[in-house]
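This report is written for a reader who meets this structure for the first time. Please keep the sequence and the 3D view at hand while reading.

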Amino acid sequence: MSILEIDVGDIRPISVAFTVDELVVTLADGRRIATPLAWYPRQKNASAAAREHLELMPLGIHWPELDEDLGIAGMLQGRPAY
């Protein structure tokens, strides 16, 4: 039996932006993930300053003031944080 391997590309986040309704993450390989902001209640209800205070990690994003971590793999799979 062989294991199917899928190249997911370079999923390191390089930038994060917020629109009125979405969290938009740009990945190192050029893809952009746009997910509903409603999926992330801590970010949705946070101040702009708290949203902007984030740390880009190799496989996700960390908001220290919100005590929140989002993994890129979960975002790609369409998993909400609520």
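## A histidine and its polar partners

In this predicted model, the side chain of His62 makes a polar contact of 2.5 Å with the side chain of Asp69. A polar atom of the His62 side chain also lies 3.4 Å from the backbone oxygen of Glu68. His62 belongs to strand S5, which covers residues 60-63, and its relative accessible area is 16%, so His62 counts as buried.

Which residues surround His62, once its neighbours within four places in sequence are left aside? The contacts of His62 are then with His53, Leu54, Glu55, Met57, Glu68 and Asp69. One of these, Glu55, is also the bridge partner of His62.

## Glu68, a buried acidic residue

Glu68, which lies in strand S6, has a relative accessibility of 10% and therefore counts as buried as well. Its side chain is joined to the side chain of Arg42 by a polar contact of 3.3 Å. With sequence neighbours up to four places away set aside, the residues in contact with Glu68 are Arg42, Gln43, Ile61, His62, Trp63 and Ala81.

## The sheet that holds S5 and S6

Strands S4, S5 and S6 form an open sheet in that order, and the pairing is antiparallel. The edge strands are S4, with residues 55-56, and S6, with residues 68-71, each of which pairs on one side only. Between S4 and S5 the antiparallel pairing runs over two bridges, and Glu55 finds its bridge partner in S5 at His62.

The loop between S5 and S6 contains Asp67. Although Asp67 is not a glycine, it has a positive phi of about 50°. Is this residue buried or exposed? With a relative accessible area of 57%, Asp67 lies over the 50% cut-off, so Asp67 counts as exposed.

## The sheet of S1, S2 and S3

Another open sheet has three strands in the order S1-S2-S3, again with antiparallel pairing. In this sheet S1 and S3, the latter spanning 32-36, stand at the edges and have a single partner strand each, so one side of each is left without a neighbour in the sheet. On average, and with direction ignored, neighbouring strands of this sheet are turned by 20° against each other.

Strand S1, made of residues 13-18, and strand S2, made of residues 22-27, run antiparallel and are joined by five bridges. The two form a hairpin, with three residues between them. Two pairs can be followed in the 3D view: Ser15 has Thr26 of S2 as its bridge partner, while Phe18 stands opposite Leu23 of S2.

## The largest nonpolar core

The largest nonpolar core has 15 residues, and those touching the most other members are Leu23, Val25, Leu27, Tyr40, Ile72 and Met75. Two or more residues of this core come from each of S2, S5 and helix H3, which covers 72-76. S2 gives the most, with three residues.

What does Leu23 touch, not counting residues up to four places away in sequence? Its contacts include Val16, Ala17 and Phe18, then Ile33, Ala34 and Thr35, and they extend to Leu37, Tyr40, Leu70 and Met75. Among these contacts, Tyr40 and Met75 are, like Leu23 itself, listed with the core residues that touch the most other members.

## The chain as a whole

The secondary structure of the protein chain comes to three helices and six strands, and from the N terminus on the elements follow the pattern β-β-β-α-α-β-β-β-α. Along its principal axes, the C-alpha trace spans about 50 × 25 × 20 Å.

The protein chain has 82 residues, of which 32% count as buried. Among contacts between residues at least 6 apart in sequence, 35% join residues at least 24 apart.

Definitions and conventions. Residues are numbered from 1 along each chain as its sequence is written. This is a predicted model: local features need pLDDT of at least 70, side-chain atom pairs count only at pLDDT 80 or more; totals for chains, interfaces and linings use all residues. Side-chain values use heavy atoms; hydrogens and water are left out. Two strands pair if DSSP finds at least two bridges between them. Helices (H or I, at least four residues) and strands (E, at least two) are DSSP runs, numbered from the N terminus. Axes are lines fitted to C-alpha atoms, for helices over the stretch in contact, and angles run from 0 to 180 degrees between N-to-C directions. Buried means under 20% relative accessible area, exposed over 50%, partly exposed in between (1.4 Å probe, protein chains only). A polar contact is a pair of N or O atoms within 3.5 Å; within protein, one must be able to donate a hydrogen and the other to accept it, and residues adjacent in sequence count only if both atoms are side-chain atoms. Contact means heavy atoms within 4.5 Å. A nonpolar core is a set of buried Ala, Val, Leu, Ile, Met, Phe, Trp, Tyr and Cys residues joined through side-chain atoms within 4.5 Å.
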